[in-house]
Amino acid sequence: MENNPETNKPSAPPAAPNGCGAGQGSLPGRCGALAFPFVAMQENNPVRFSRMEALQTGTLFPGLDLPFKAAIQAKTQLKNTALVELMALDFAIDELGLYLVTHSQDQEALQLYWSYIKLAQEGRQKYQELYGPLLQTDLTPEDGYAWLKDPWPWDEGGNA
Amino acid sequence: MFVYEKKLQYPVKIKNINPKLASIIISQYGGPDGELGASLRYLSQRYSMPYPELKALLTDIGTEELGHLEMIGTIVHQLTRNLNEDQIRAGGFEPYFVDHTTGVYPTAASGSPWNAAGMAVKGDLIADLTEDLAAEQKARVTYDNILRLSDDPDVNDAIKFLRAREIVHFQRFGEGLRLAKDRMNEKNVYLVNPSFDQ
């Protein structure tokens, strides 16, 4: 089952023979070295949230969604503004980027990463036409040094 | 090098001021397990890492933590805007206010200023990554404690996000250790320090 970045739907990986399931990962085998901290390795092509769900949860991977009791409440609904959509896309890119550091051979994840990068280029265009530059070096249709302009991200809500 | 992008990683829009909560949350700005310590620890540890995966991991996570530092600063800033003197007194905010007004200063909730003693760079691959695992757990617990103490949904929304990140970072540091171990002596990982020995 392919994850289509356009439909933004979560994906399920093909069943792997030694698959551990979303909340588990692989250990070195029946035996491991003494006196060493082992963290189970997340498996290749893991199940993913949609981009918006990922941003609202704080991770792209249901396997890593481990909430605290004092905060198990209805998931926050973020507004679908141009900024929030870009935040969700950039977040998916950051998450996949970290995953790829320790899973650099996962071809499916790599393909998804590049497809998100391309989408993000359009997302930045769209945001910048409305609100001005994201990087100091971004060109915008504005006259004058648009980089200076309020709001800055910490001012009440920025442009969200 | 560092480039700044003019947006937060996650939205922070706090509707209600709360100086008392601000003086708790400031611990994730300048406290022992806060984001300033996290970013500086990871960005400093990366220089002595021998393998590219670990250089990338520490750089990327260290950079993300700077973005989290920004979110915490934003939360404290929004919680303390337009305060009048009664609100300052009612919030128990006076000790912070007298020295910093409503500026954002790197200190712990206890009033101890940020201290590098809260972080370590040991120059040994296993020690540094194990330190990082511990750091992410301590940050996660601090966020748990903030969630116990706060009933503001806008604040909790951002805090939940930051907490979730700590768990993911813990996982990645653990994976980094696994990858490093595969390149070290199979019978004895402590034979040499790959961050130092040739």
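Student: Which residues are linked with A:Arg124 in a network of salt bridges?

Tutor: The model is predicted, so that local features need pLDDT of at least 70, side-chain atom pairs count only at pLDDT 80 or more, and totals for chains, interfaces and linings use all residues. Residues are numbered from 1 along each chain as its sequence is written, chains are lettered from A and ligands numbered from 1 in the order in which they are written, and side-chain values use heavy atoms, with hydrogens and water left out. A salt bridge is a side-chain nitrogen of Lys or Arg within 4 Å of a carboxyl oxygen of Asp or Glu, and A:Arg124 meets one such partner, B:Glu5, at 2.1 Å, N to O. The residues linked with A:Arg124 in the network are A:Asp90, B:Glu5 and B:Lys7.

Student: How many salt bridges are there between chain B and chain A?

Tutor: A search of the whole structure, over all chains, finds 14 salt bridges. Between chain B and chain A, the count is three.

Student: How much area do chain B and chain A bury between them?

Tutor: The size of an interface is often given as the accessible area lost when the parts come together. Here that buried area is summed over both parts and found with a 1.4 Å probe, and in chain B the residues that lose the most to chain A are B:Lys6, B:Arg172 and B:Arg178, together 18% of what that side buries. Carbon and sulfur atoms carry 64% of the area buried between the two chains, which is about 4,500 Å².

Student: Which helix gives the most to the side of chain B that touches chain A?

Tutor: Taking contact to mean heavy atoms within 4.5 Å, 48 residues of chain B are in contact with 59 residues of chain A. Helices are DSSP runs of H or I with at least four residues, numbered from the N terminus, and H4, H7 and H8 of chain B each supply at least two residues of the side that touches chain A. The helix that gives the most, with 19 residues, is H8(B).

Student: Is B:Arg172 buried or exposed?

Tutor: B:Arg172 and B:Glu175 both lie in helix H8 of chain B, three residues apart, about one turn of the helix, and their side chains meet in a salt bridge at 2.8 Å, N to O. Buried means under 20% relative accessible area, exposed over 50%, and partly exposed in between, with a 1.4 Å probe and protein chains only. B:Glu175 has a relative accessible area of 0% and is buried; B:Arg172, at 0% relative accessibility, also counts as buried.

Student: How many residues apart in sequence are the parts that B:Asp33 and B:Lys138 tie together?

Tutor: These two side chains meet in a salt bridge at 3.9 Å, N to O. B:Asp33 lies in the loop between helix H2 (27-30) and helix H3 (35-45) of chain B, whereas B:Lys138 lies in helix H7 of chain B, so the parts that the pair ties together are apart in sequence by 105 residues.
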